[in-house]
Amino acid sequence: MENRAIARLLAETADLMEISAEDSFRIRSYRTAAGVIEGYPEQMASILKDPEKKLTDIAGIGKGIAAIIEEIEERGSFERRDEMLGKYPAGLLELLNIQGLGPKSVRLLYDTYKVESIDELERICKEQKLRDLPRMGAKLEEKVLRSIASYRKTQGRFLLSFGQRAADELIEYLSSVAGVETVTAAGSLRRGKETIGDLDLLATGTGAEAALEKFVSHPRVHEVLGKGPNKASVKFGLEGLQVDLRALGAESYGAALLYFTGSKEHNISLRSRAQKLGFTLNEYGLELLDNARLDNETRVASATEEEIYAKLGLDWIPPELRENSGEMEAAEEHKLPRLVEERHIRGDVHMHTTESDGRATLAEMAEAARERGLEYIAITDHSKALAMANGLDEKRAVAFAHQVREMDQRGLGLRVFSGLECDILRDGKMDLADDALAELDWVVGSVHSYMNLEAAEMTDRLLRAMECPHLKAIGHPTGRILLHRESFPFDFEVVAAEAARRKIYLEINASPERLDLSAALIRAAKARGCKFVISTDAHHPKHLANMSYGVRMARRGWLEPRDILNTHSAVDFAKAIA
Ligand code: DGT
Ligand code: CA
Ligand code: CA
Ligand code: ZN
């Protein structure tokens, strides 16, 4: 099981224990462990497999928690959790996913109205009964209803990074089957969507059918949902990700890849275009319409996507654009963007070190970045408002900037800029004074607190922050945490327009749980004249690899290299921010 899922089980159990008002020491130790595990750069599963490593060597993980992790790895739950689930209806756990409701509120709702499910909670809110409870009000009712809607949307979905790792693992596994030529991920994963519902894999070659056999017998397959001659569906891993594998002939590979990559809306639009041109398009190929039989003589294209698009009078459309939002017209007019690629990225300008809450030193981060082939980085530790992260005050920020500069001059193998991720305070002031910020090369301003302000207040807050003459970029501009927290409400268009006017860059945060900005917001911002940076926000050298996810978001937002500051050389970056 992935760290994130293990952490969730622990946190949920802590929540249930809090609902049942148990020993707060135990509750706290579960929560602490959940935090440590969630942020830990190496998978617990791989530490368990490595005889040279011990879970208890990790700070914050004692013997008790280590045993729990082992039990979770074995069977997907642990004793204490089962015990708590025996005590309360499982529906209470689900209620805890609703933003705005903590364990105490859930308990109160359960005791007062016997609320045990989301549906019941929704009813209580709609009947305006929530507001009758102590410390709750009409506003909370609205908020809970909104949270319920967003929870329902995300339920059963997984982060792109999670899907990508599962796909990588399965592709490697299936590729080793004799006679298998290609194994490819299609669906929302191939389109780079920030969350995926299920994983769609395609296999070709004479061994493709044997691959189906091997697929259903993978040790991490927990349930076979169905298996036929050309297709199998399984639940993969303890997290229960559904994976569909289809075996097909190389001659229809392009048509199948096109069909199963979607999106559905793109497919529909493509099919109606095919019809207008006298063809039919399906997962086997593009055929002439007057002979609907699946017969090679009427098939005009099927082996590659390129030839199918070409026969339809279209340039090949990158999967990230296939959302039926203008790509068809652009492909027809040969006006598709020349999308940014990871190889265009030359710097990474948002990362943390042990100076605040990062796990590696400046030298280690620089070394890792150099190994990845980057030409420059900016070190952006937190400012003092994030006390939990050991954020820097003015004195430390300036001293650290000097240290960064000194080390940069001595030579770290790549250019290192001194920066800061400065908190934007509730009123829009920057957390550190101007004269300290003036000492830094690169200041990213981020909101980490008071995210529940009214939209107008949040908009003003961001506009005010942009008045700071040293602010160069806005970090994770919407604050969303995928599958957990919606973006905070504000007038994005107004903020984007102001950012464009002041030449403040908008960050596309590449960490897989943020991937903020979304495709739609990137496009809206670009239309207003904004420029962007794609940054990993790394807290560990391993996180530098997340750049690929940020690049995919940028591609979904139709961005080209010139839209993105950190595709430029270190010298040009320095000029642009001077
Ligand atoms: P997901 O899994 O919810 O993240 O999203 P997708 O896009 O991967 O959707 P999925 O797995 O249901 O189907 C994969 C692709 O197969 C989808 O993008 C387009 C194609 N497809 C599935 N069902 C239909 C359909 O009813 N009509 C058409 N035209 N295409 C479909
Ligand atoms: Ca899918
Ligand atoms: Ca599917
Ligand atoms: Zn941040």
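This is a predicted model: local features need pLDDT of at least 70, side-chain atom pairs count only at pLDDT 80 or more; totals for chains, interfaces and linings use all residues.
Reader: Then how far is an oxygen atom of ligand 1 from an N or O atom in the side chain of serine 188?

Author: That distance is 2.5 Å. For the side chain of aspartate 198, an oxygen atom of ligand 1 is 2.8 Å from an N or O atom.

Reader: And which side chain has an N or O atom 3.5 Å from a nitrogen atom of ligand 1?

Author: That is the side chain of asparagine 267.

Reader: How much of ligand 1 does the protein bury?

Author: Taken alone, ligand 1 exposes 590 Å², and the protein buries 72% of that.

Reader: Which elements give two or more residues to the shell around ligand 1?

Author: They are helix H11 (187-190), helix H13 (253-261) and helix H14 (264-276). The shell has 16 residues, of which Arg157, Ser188, Arg191, Gly197 and Asp198 come nearest to ligand 1. By class, the shell divides into 3 nonpolar, 7 polar and 6 charged residues.

Reader: Why does ligand 1 lie between domain 2 and domain 3?

Author: Because domain 2 (158-248) and domain 3 (254-332) both give residues to the shell around ligand 1.

Reader: Turning to cavities, how many are there of 30 Å³ or more?

Author: The count comes to 2.

Reader: What lines the largest one?

Author: Its lining consists of Ala255, Leu258, Tyr259, Asn267, Arg271, Leu281 and Asn282. H13, H14 and strand S8 (279-282) each give two or more residues to this lining, and H13 gives the most, with 3.

Reader: And the second largest cavity: how many nonpolar, polar and charged residues are in its lining?

Author: The lining has 7 nonpolar, 2 polar and no charged residues. Helix H18 (394-410) and strand S13 (415-423) each give two or more residues to it, H18 giving the most, with 4. Among the lining residues are Phe400, Val404 and Leu440.

Reader: One last topic, the second largest pocket. What is its volume, and which helix gives the most to its lining?

Author: The volume is about 680 Å³, and helix H9 (residues 138-154) gives the most to the lining, with 7 residues. The lining comprises 19 residues, with Lys143, Arg146, Met451, Asn452 and Pro489 nearest the centre of the pocket. By class, this lining has 6 nonpolar, 6 polar and 7 charged residues.

Key
Residues are numbered from 1 along each chain as its sequence is written. Chains are lettered from A and ligands numbered from 1 in the order in which they are written. Side-chain values use heavy atoms; hydrogens and water are left out. On a 1 Å grid over the protein atoms alone, a cavity is a set of points where a 1.4 Å probe fits but cannot get out, and a pocket is an open set with protein on both sides within 12 Å along at least five of seven lines; lining residues have an atom within 4 Å of a point. Grid points are joined across faces, edges and corners, and a volume is the space filled by probe spheres set on the points. Ala, Val, Leu, Ile, Met, Phe, Trp, Tyr, Cys and Pro count as nonpolar, Asp, Glu, Lys and Arg as charged, and the others, Gly among them, as polar. A residue is near a molecule or strand if one of its heavy atoms lies within 4 Å of it. A polar contact is a pair of N or O atoms within 3.5 Å; within protein, one must be able to donate a hydrogen and the other to accept it, and residues adjacent in sequence count only if both atoms are side-chain atoms. Accessible areas come from the Shrake-Rupley method with a 1.4 Å probe; for residues, only the protein chains shown count as cover. Domain bounds come from an automatic or database domain assignment.
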